[in-house]
Amino acid sequence: TQSTWGNESWNGLPVPPGTAFAVLCVYDEDLTSGDFLGYAHFELDPSHNGTHWLPLGPRPGNKSDLKLQSKNKGTLGEIAVDVTYTPGGAQLPGRQSSSSGHFGGARVPRELNLTVVRATDLAAADFGGKSDPYVTFSLGDGPSDPSHKTKVVNSTLAPVWNQRFSLPVPVSIPHLTFTIYDHDKVGKNACIGQATLPIQKRERADEWVELKPRPGNAEDAKLAKKAGGLGKLNVVLEWV
């Protein structure tokens, strides 16, 4: 269904220095509470005057939003906005990045390029002394988006993925959570290690993180004891 708001506009919104993105959320108005319909963000760049069609998607890490998107055949629609920058006001950021920002009082995300590089010394989950590992990751402790998953590398304890992902990360997210699974063609995929990585403030970080059992998981702890450790994971974070 196409919706219009009669070209409703907000004029003279100040853009504080260092603000990299503006965030738009669409809701269905209700007498009790507004139901979320879609989320979009766009880069604040003075050269981007004009009308922009933005794809609406789920809010990062929100499980209910992902269910809504799946119910609607993988899409939440689009929204058109018209942006005009006026010189002489607050400094406009262009492509300047920052660890946090505000737009109309709302905290906004930063764009992260995340590369899952490789792992070493993984635990063997298969009878042949190898594993078929792949990595999932999530924002904070929230659920993992289905798209946040690497390919499977077969029969190895030292996989190389070199797989890159780009995603907006709200400034309220304190860390990323990585979980490595052994892919099983028949039974359940077994967890072979998990790691958390605090969000880095610097523009680029090449990190090795130690894999550990999931908190409170007896099977993971048993595997770690048997293997003498769960290995390490190498990831690279680059802020755009």
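The following exercises, with worked solutions, go through a predicted model of one chain.

Residues are numbered from 1 along each chain as its sequence is written. Because the model is predicted, local features need pLDDT of at least 70 and side-chain atom pairs count only at pLDDT 80 or more, while totals for chains, interfaces and linings use all residues; side-chain values use heavy atoms, without hydrogens and water.

**Exercise 1. The chain as a whole**

Task: Describe the secondary structure, burial and confidence of the chain.

Solution: 
- Step 1. Two helices and 13 strands make up the secondary structure. Helices (H or I, at least four residues) and strands (E, at least two) are DSSP runs, numbered from the N terminus.
- Step 2. Of the 240 residues in the chain, 40% are buried. Buried means under 20% relative accessible area, exposed over 50%, and partly exposed in between (1.4 Å probe, protein chains only).
- Step 3. The average pLDDT is 80, and 80% of the residues score at least 70. pLDDT is the predictor's confidence in each residue, from 0 to 100.
- Step 4. Over residues 89–108 the pLDDT stays under 50; the model has 55 contacts for them beyond four places in sequence. Contact means heavy atoms within 4.5 Å.

**Exercise 2. Aromatic pairs**

Task: State how many aromatic pairs the structure holds, and classify Y134 with Y181 and F137 with F165.

Solution: 
- Step 1. There are four aromatic pairs in the structure. Rings of Phe, Tyr and Trp (its six-membered ring) pair if their centres lie within 6.5 Å; planes under 30 degrees apart count as stacked, over 60 as edge-to-face and the rest as tilted.
- Step 2. Y134 and Y181 lie 5.7 Å apart, centre to centre, with 25° between the planes, and the pair is stacked.
- Step 3. This pair links distant parts of the chain, with Y134 in strand β8 (residues 133–139) and Y181 in strand β10 (residues 175–182), 47 residues apart.
- Step 4. Y134 has 8% relative accessibility, so Y134 counts as buried.
- Step 5. The ring centres of F137 and F165 are 5.0 Å apart and the planes stand at 70°, so this pair is edge-to-face.
- Step 6. Because F137 lies in strand β8 and F165 in strand β9 (residues 160–170), the pair ties together parts 28 residues apart in sequence.
- Step 7. F137 is buried at 1% relative accessibility, and F165 is buried at 9%.
- Step 8. F137, F165 and F178 are linked by ring pairs into a cluster.

**Exercise 3. Helix α2**

Task: Work out which residues of helix α2 are buried, which exposed residues lie on the face turned away, and what the buried residues pack against.

Solution: 
- Step 1. In helix α2 (residues 218–227), D220, L223 and A224 are buried.
- Step 2. Seen down the axis of α2, the buried residues fall within an arc of 100° (taken from the directions from the helix axis to the C-beta atoms), so they line one face of the helix.
- Step 3. The face turned away from the buried side carries the exposed residues A218, E219, K222, K225 and K226.
- Step 4. The buried residues of α2 pack against β11 (190–198).
- Step 5. D220 counts as buried because its relative accessibility is 4%. Apart from neighbours within four places in sequence, D220 is in contact with C191, P213 and R214.
- Step 6. After α2 comes G228, whose phi is positive, near 75°.
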